Amino acid sequence: MKRSVINDIIRESDAFIRSFGYVLPPFAYFSPEEMVRRRGDLAGIVDARLGWDITDYGRGRFDELGLFLFTVRNGQAEDLTRGRGMLYAEKAMISRKNQLSPMHRHVVKAEDIINRGGGTLVLELYMSDANGDVDASAEVVVPTDGIMRKMPAGSHLKLDPGESVTLMPGVWHAFWAEGADVFIGEVSTVNDDLTDNVFREPLGRFAEIEEDEAPLHLLVSDYEKHLG
């Protein structure tokens, strides 16, 4: 993805999120220069990989295959090991109309996926078999706002604004927006995008960036290069 395109997506996404009355935290608007200058103060942000995250899954077709994410808060994997501490994470996401977030599952993370507003959020769901692969025959069982839902493998669960689904580790899911772009909330256990995403097809979790202009804000995938 071109950096200029990423910068435009950041501006558009921030405006879209604000249209629902949700405002990102102050660190969202730090310039790259300010982050470098204040690096000593930002360990909690950098280590937890909080911030902007825009991906085309390495395929270069963001409008068709991609997702906007902003990690608002996140604990540490060590907290999960101890069973106490900050065991949770929160993301703000945007799925554009007919933009696919591809089939994947998580090994550790359980998550609530919430339609915060916009169009209809559609999830295609499967359970895992004994090897962790997609089970094309097993009935899907997931809670939706506290009510258990049972449906055939591969069913499309549609969430209107205000509705949510809880996905436990091992539940395969792909999703997209119908009718209009969707503002999505994610509340989960500790998030690790480096190791805890298992894709059905071989895909990259992060975009490859062509630096055709300076970054408006750093992405979480920029932190190592720019901040160490």
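## Close-up views of a predicted model

Asp53, Lys91, Asp193 and Arg205 are linked in a network of salt bridges, a salt bridge being a side-chain nitrogen of Lys or Arg within 4 Å of a carboxyl oxygen of Asp or Glu. The structure is a predicted model, in which local features need pLDDT of at least 70, side-chain atom pairs count only at pLDDT 80 or more, and totals for chains, interfaces and linings use all residues. Residues are numbered from 1 along each chain as its sequence is written, and side-chain values use heavy atoms, with hydrogens and water left out.

**Figure 1. Overall view of the protein chain.** The protein chain has 5 helices and 12 strands; helices (H or I, at least four residues) and strands (E, at least two) are DSSP runs, numbered from the N terminus. Its radius of gyration is 17 Å, close to the 17 Å that the globule rule gives for 228 residues, so the chain is as compact as a globular protein of that length. The radius of gyration is taken over C-alpha atoms, and the globule rule is 2.2 Å times the number of residues to the power 0.38. The C-alpha trace spans about 55 × 45 × 35 Å along its principal axes. Of the 228 residues, 52% are buried, where buried means under 20% relative accessible area, exposed over 50%, and partly exposed in between (1.4 Å probe, protein chains only). The accessible surface comes to about 10,600 Å², of which 50% belongs to carbon and sulfur atoms; accessible areas come from the Shrake-Rupley method with a 1.4 Å probe, and for residues only the protein chains shown count as cover. Among contacts with a separation of 6 or more, 74% are between residues 24 or more positions apart, contact meaning heavy atoms within 4.5 Å.

Figure 2. Glu124 is placed in strand β5, which covers residues 111–128. Glu124 is buried yet has no salt bridge, and the nearest side chain of opposite charge, that of Arg200, is 5.7 Å away. For this assignment, Lys and Arg count as positive and Asp and Glu as negative, while His and the chain ends are not counted. The side chain of Glu124 is joined to that of Tyr126 by a polar contact of 3.2 Å. A polar contact is a pair of N or O atoms within 3.5 Å; within protein, one must be able to donate a hydrogen and the other to accept it, and residues adjacent in sequence count only if both atoms are side-chain atoms. With neighbours within four places in sequence left aside, the contacts of Glu124 are Met103, Gly154, Ser155, His156, Trp172, His173, Ala174 and Trp176.

Figure 3. Side chains of opposite charge can pair when their charged atoms come close. Asp8 and Arg11 meet through their side chains in a salt bridge of 3.2 Å, N to O. The two residues are 3 apart in helix α1 (residues 3–18), so about one helical turn separates Asp8 from Arg11. Asp8 is partly exposed, at 39% relative accessible area, and Arg11 is partly exposed at 43%. Arg18 forms a salt bridge with Asp14, with the closest N and O atoms 3.4 Å apart. Both Arg18 and Asp14 lie in helix α1, 4 residues apart, about one turn of the helix. Arg18 counts as partly exposed at 41% relative accessibility, whereas Asp14 counts as buried at 15%.

**Figure 4. The Arg38 and Glu34 salt bridge.** The closest N and O atoms of Arg38 and Glu34 are 3.1 Å apart, and the two residues form a salt bridge. Arg38 counts as partly exposed, with 30% relative accessibility. A search of the whole structure finds 17 salt bridges.

Figure 5. Arg49 is a residue other than glycine with a positive phi, near 55 degrees. Arg49 lies in the loop between α3 (43–47) and β1 (51–55) and is partly exposed, with a relative accessible area of 25%. Tyr57, likewise not a glycine, has a positive phi near 55 degrees. The loop between β1 and β2 (67–74) holds Tyr57, and Tyr57 is buried, with a relative accessible area of 5%.

**Figure 6. Leu80 in helix α4.** Helix α4 (residues 77–82) contains Leu80, which is partly exposed at 31% relative accessible area. Residues up to four places away in sequence not counted, Leu80 touches Leu87, Val108 and Val190. From Leu80 to Val165 the distance is 22 Å, C-alpha to C-alpha, and the two are 85 residues apart in sequence.
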